[in-house]
4 protein chains.
Amino acid sequence: MTTIGIDIGGTKIAAGVVDETGRVLAQTRRATDALDPEAIESAVIACVAELRSKYEVSGVGVAAAGFVSPNRDGMLFAPNIAWRDYPLRERLSRGIEVPIVVENDANAAGWAEFRFGAGRDVHSMVMLTLGTGLGGAIVLDDRLLRGAFGVAAELGHMRMVPNGHYCGCGHEGCWEMYASGRALTRAARNALITDEDRAGRLRELAAADGGKTRGQHVTQAAAEGDPLSRDLVTELGRWVGAGIADLVAVLDPELFVIGGGVADTGDLVLEAARASFRAELSARGYRPEAQILLAEMGSEAGIVGAADLVRH
Amino acid sequence: MTTIGIDIGGTKIAAGVVDETGRVLAQTRRATDALDPEAIESAVIACVAELRSKYEVSGVGVAAAGFVSPNRDGMLFAPNIAWRDYPLRERLSRGIEVPIVVENDANAAGWAEFRFGAGRDVHSMVMLTLGTGLGGAIVLDDRLLRGAFGVAAELGHMRMVPNGHYCGCGHEGCWEMYASGRALTRAARNALITDEDRAGRLRELAAADGGKTRGQHVTQAAAEGDPLSRDLVTELGRWVGAGIADLVAVLDPELFVIGGGVADTGDLVLEAARASFRAELSARGYRPEAQILLAEMGSEAGIVGAADLVRH
Amino acid sequence: MTTIGIDIGGTKIAAGVVDETGRVLAQTRRATDALDPEAIESAVIACVAELRSKYEVSGVGVAAAGFVSPNRDGMLFAPNIAWRDYPLRERLSRGIEVPIVVENDANAAGWAEFRFGAGRDVHSMVMLTLGTGLGGAIVLDDRLLRGAFGVAAELGHMRMVPNGHYCGCGHEGCWEMYASGRALTRAARNALITDEDRAGRLRELAAADGGKTRGQHVTQAAAEGDPLSRDLVTELGRWVGAGIADLVAVLDPELFVIGGGVADTGDLVLEAARASFRAELSARGYRPEAQILLAEMGSEAGIVGAADLVRH
Amino acid sequence: MTTIGIDIGGTKIAAGVVDETGRVLAQTRRATDALDPEAIESAVIACVAELRSKYEVSGVGVAAAGFVSPNRDGMLFAPNIAWRDYPLRERLSRGIEVPIVVENDANAAGWAEFRFGAGRDVHSMVMLTLGTGLGGAIVLDDRLLRGAFGVAAELGHMRMVPNGHYCGCGHEGCWEMYASGRALTRAARNALITDEDRAGRLRELAAADGGKTRGQHVTQAAAEGDPLSRDLVTELGRWVGAGIADLVAVLDPELFVIGGGVADTGDLVLEAARASFRAELSARGYRPEAQILLAEMGSEAGIVGAADLVRH
């Protein structure tokens with residue numbers, strides 16, 4: 001039976017009809033006004049109506065950034081949208097008759113990888129989405145770990161460095177501050193000061209981008225072969241691997257999947273992560289080693305995962 | 001139905017008959033020679049025979065320190081006993097006819113707390129056993145997390161401090177080096193050098209103990225009210241809380257249970273752990289907070305947990 | 001013989017006639033336009049002319065933030081004023097006939113404390129100016145340490161924490177990021193997120209200040225007794241003491257003098273600094289301990305020190 | 001005029017006649033019994049008598065590990081010899097009629113480099129002796145920095161890592177624990193556990209050395225080209241460079257000189273130190289950069305420096 005998956009982002013809503021094999025049969029989009037929850041609901045309902053006019057669907061999965069309530073019916077808190085203890089399912093059900101499930105977007109993407117992507121052959125895995133921030137999803141014994149209060153797998157907020165970089169969450173040393181697009185942006189800014197001679201390409205890209213330094217410049221320049229940018233991505237990869245070693249000590253999963261924009265650097269970030277993971281893995285040699293792979297589902301992962309979670 | 005639980009330590013084997021409510025109906029013990037696996041097996045078999053002569057039992061659970069194989073039939077590696085890829089279940093089954101399960105000792109203790117102790121009312125919890133080292137057990141959705149390769153919950157080897165204290169595992173900064181009896185011993189040794197004026201009571205206890213400084217001296221002196229020792233336990237408690245904050249970001253459980261010898265300092269370690277956990281918890285205020293409690297099962301936790309795991 | 005001392009800040013120029021005992025006999029001020037070096041020079045020359053109309057002076061000492069050239073005739077670089085390899089002495093000498101010396105402002109303040117303030121009885125000391133940033137001055141064997149390239153005592157950029165807080169200098173973990181007004185501002189911002197219940201007074205002060213959180217709010221609230229603010233100042237004091245312990249290992253001076261706006265918290269920051277210094281001091285017990293005192297010269301320290309340095 | 005320099009080590013005394021150009025004209029040696037201060041004194045007196053029978057000398061400089069009293073007449077404390085507040089000069093003067101000066105051994109070695117070795121053309125430098133521990137010497141404006149209490153330049157005890165490796169001094173994270181022979185020994189031991197596949201050469205050298213792992217094995221294997229050992233020396237060099245960046249922020253010297261056994265790895269440690277120094281140097285580009293060179297005086301540096309210090 002086909003279902004609909006919806007990915008509510010800060011600037012747009014993407015919706016798709018997904019079949020049981022994870023294939024997206026049709027898609028549609030709407031712009032989002034993050035300050036207007038009612039407009040978001042109308043847009044979601046309109047997307048669903050549009051898709052249901054052509055496909056029969058048995059449910060709707062909705063993914064968004066933020067803390068989802070334990071029973072998956074609403075949002076406790078969202079960083080980008082004006083939701084606080086918000087009964088999203090009940091609101092949407094006014095315009096949608098089929099069952100609705102709400103899920104965190106990183107969880108949805110992780111579930112898509114687990115079911116149809118890099119993790120389709122394993123029973124336990126951790127997904128790391130290296131976007132602007134660092135999102136996580138955990139699957140154990142074929143089940144998505146949701147947590148007692150609905151907010152498990154907030155992996156970006158594990159503390160990697162006591163007294164380390166300030167995080168927007170108010171704490172210091174969060175993993176996200178060392179392994180995300182935001183980390184890359186900051187590392188690039190610092191390199192423009194401390195490594196001026198090698199920062200020519202990053203300066204060019206910033207100049208062409210209104211004078212602003214962005215993490216994407218680093219991934220782009222690294223792909224072109226810029227030595228400084230490759231160093232910055234490698235350093236980020238080392239922090240990814242260090243955190244993976246910590247997660248192995250806790251969860252002992254079969255697989256880690258790395259996705260998000262930073263993962264577009266491919267082997268560069270992957271090799272650095274693998275090397276530092278191996279260097280930090282406790283009791284290596286006495287235990288099998290978890291694999292680290294790149295994500296396979298691309299930008300549709302949120303839609304596919306949300307759609308599939310309605311069935312589970 | 002009653003079962004037998006067996007706790008194989010470095011110096012002794014403790015065995016007990018346990019009923020379905022977690023009550024120990026009878027116990028027996030034998031000395032262990034860690035270098036002689038065959039002698040250990042004979043002792044285990046003798047314990048079982050002795051107990052079965054008086055009680056009817058439907059299975060035997062065996063707990064020991066080390067890495068247990070994923071299917072719970074043997075030991076991949078033990079730190080204190082000469083076991084490497086050792087088929088313990090098969091060896092024991094030569095002298096024991098009922099079903100046998102092998103489990104890591106920290107997991108067994110954690111399971112006992114989950115079933116009958118501080119965690120009996122929750123569905124997810126993490127147990128931290130602060131003994132000489134730092135052992136962990138994780139229960140999620142009423143199930144013990146064993147890991148894809150059988151070695152989940154090796155919590156003592158999460159890295160808390162990059163380039164931090166050397167651990168016997170070969171790595172740096174492991175949680176165990178900041179939150180265990182070993183950490184306390186080392187902190188006491190340092191305080192004898194750097195805080196001489198306040199170290200009088202620890203010096204006395206060391207003198208009375210053949211000149212050796214031990215973590216137990218600190219917990220004892222802290223219980224007596226010695227200010228330096230109370231500071232050292234409080235500092236240890238802070239590291240416990242910091243690690244708990246990391247685990248909440250990953251697992252989001254309802255409860256943490258603190259056991260082991262260091263937990264005998266009771267409120268002192270508990271309050272410090274709670275305070276630093278609260279200070280480090282990400283997104284506090286937008287989420288319910290996990291509880292932190294002391295263990296309730298005492299030194300029989302290993303026996304009780306192992307016995308109960310045969311039934312699951 | 002009297003001399004003139006001039007303190008060139010980002011927003012104003014303060015000038016004074018100072019006698020050989022460090023007494024300020026007369027003062028005058030002008031506003032500064034940091035983007036216009038010529039206007040600054042005219043203002044300095046006008047100040048000198050005004051003061052010389054009433055006092056006979058044998059020289060002029062000029063203090064400013066930034067890197068001073070090794071022979072004290074110009075500025076290599078200033079953070080707040082448009083000076084790069086700037087021949088300040090030569091420019092000023094066009095309108096001032098007496099000898100001129102240029103000095104870093106933190107050095108001038110430290111020299112004033114050494115000659116007439118908290119350090120008047122010692123032969124070696126380190127001054128820490130905890131203002132917005134963290135400035136330093138070092139006096140060894142009765143001489144100001146200027147460094148081979150003129151830029152010694154940039155103490156705020158010692159690295160206290162590998163991979164620690166980002167500093168404007170492009171590096172991570174600089175002492176200044178843990179022990180300065182800037183550090184206090186950031187700590188307050190984080191506490192507003194992570195310690196909401198206790199942050200009432202800081203919220204009030206921010207509200208009354210256009211919604212902006214400032215380090216000064218923390219020092220003010222700490223002086224009023226606000227528990228959270230006192231904790232933040234104490235934590236800052238701990239970092240001050242930790243850095244002092246490092247400097248003792250290098251320089252072994254008799255005295256540390258703490259000045260700048262953060263020092264207005266008096267005993268609070270002082271006691272925390274002393275305690276953590278003592279806890280971190282290597283080989284304590286086998287060596288005399290350096291003293292830590294508050295500065296005595298107040299806001300005129302820059303003028304007095306600059307004036308006195310012309311004589312040395 | 002020629003003088004005698006004496007280097008008192010834990011196992012032997014080396015003495016030499018040194019001329020004003022730093023040339024050693026004659027040498028002699030005696031074994032040391034570290035537990036017997038009187039025997040050490042007799043041996044020093046015998047060395048001096050032997051050398052004076054052939055050369056006319058105007059003074060004797062004595063170098064030893066430990067804290068030297070501020071006026072250079074005795075030892076406050078020695079780590080390897082039973083000296084506590086010990087009037088060494090007075091004791092030696094019973095058998096030696098010419099003037100005697102006592103100096104810390106790292107200071108003596110640094111002074112030799114400053115006068116006749118790598119630092120002969122500069123006015124300020126820091127010497128780092130990477131032996132078993134990490135010793136330091138500081139020369140500013142052509143003068144050896146002795147400190148207000150005689151114990152400046154204890155550089156090995158600057159804290160590089162909060163909560164870092166335990167040091168024998170009772171503190172955590174001392175530079176010596178990351179940049180010394182001791183650091184190399186420990187790094188090698190850890191690598192034997194965590195990097196087994198690449199540790200073949202170190203295992204061989206340990207096996208040939210009674211099963212003990214030593215820092216010297218790493219420097220030897222690195223010289224042979226062993227990849228793991230080269231990585232370990234490079235990592236040590238990085239910490240050397242990081243500490244140098246801190247010292248530049250404090251002292252701004254012209255030159256750093258690296259000596260001691262670890263410096264035998266030559267370019268390997270030097271290049272790593274230079275690279276990390278450059279990466280960590282604050283305000284690079286706005287200031288000239290200190291040089292980093294290898295020591296030139298070899299194992300006689302202590303003798304030569306002690307002999308020359310009698311003249312200053």
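Two strands pair if DSSP finds at least two bridges between them. Helices (H or I, at least four residues) and strands (E, at least two) are themselves DSSP runs, numbered from the N terminus. This report applies these terms to a predicted model, in which local features need pLDDT of at least 70, side-chain atom pairs count only at pLDDT 80 or more, and totals for chains, interfaces and linings use all residues. Residues are numbered from 1 along each chain as its sequence is written, while chains are lettered from A and ligands numbered from 1 in the order in which they are written.

Strands of a sheet pair through backbone hydrogen bonds, either parallel or antiparallel. The pairings treated in this report are listed below.

| Strands | Sense | Bridges |
|---|---|---|
| Strand 9 (residues 125-130) and strand 10 of chain A | antiparallel | 6 bridges |
| Strand 10 and strand 11 (residues 143-144) of chain A | antiparallel | 2 bridges |
| Strand 5 and strand 6 (residues 75-77) of chain D | antiparallel | 2 bridges |

A hairpin with 3 residues leads from strand 9 of chain A to strand 10 of chain A, and Leu130(A) stands opposite Leu134(A) in strand 10. The hairpin of strands 10 and 11 of chain A has 2 residues between the strands, and Asp141(A) in this hairpin takes a positive phi near 50°. Val139(A) stands opposite Leu144(A) in strand 11 of chain A.

In strand 10 (residues 134-140) of chain A, 7 of the 7 residues are buried, so the strand is largely enclosed by the rest of the structure. In a regular strand the side chains alternate between the two faces of the sheet. Both faces of strand 10 of chain A are covered: Leu134(A), Gly136(A), Ile138(A) and Leu140(A) are buried on one side, and Gly135(A), Ala137(A) and Val139(A) on the other.

**A sheet in chain D**

Chain D holds an open sheet of 3 strands in the order 5-6-7, with antiparallel pairing. Strand 5 (67-68) and strand 7 (84-86) of chain D each have a single partner strand and stand at the edges, so one side of each is left without a neighbour in the sheet. Val68(D) stands opposite Met75(D) in strand 6 of chain D.

**The contact of chains A and B**

Two residues are in contact if their C-beta atoms, placed from the backbone, lie within 7 Å. Chain A gives 38 residues to the contact, and chain B gives 38 residues. Helix 7 of chain A supplies the largest share of the side of chain A that touches chain B, with 7 residues.

Technical notes: A residue is buried if 20 or more other C-beta atoms lie within 10 Å of its own, exposed if 12 or fewer, and partly exposed in between; C-beta atoms are placed from the backbone.
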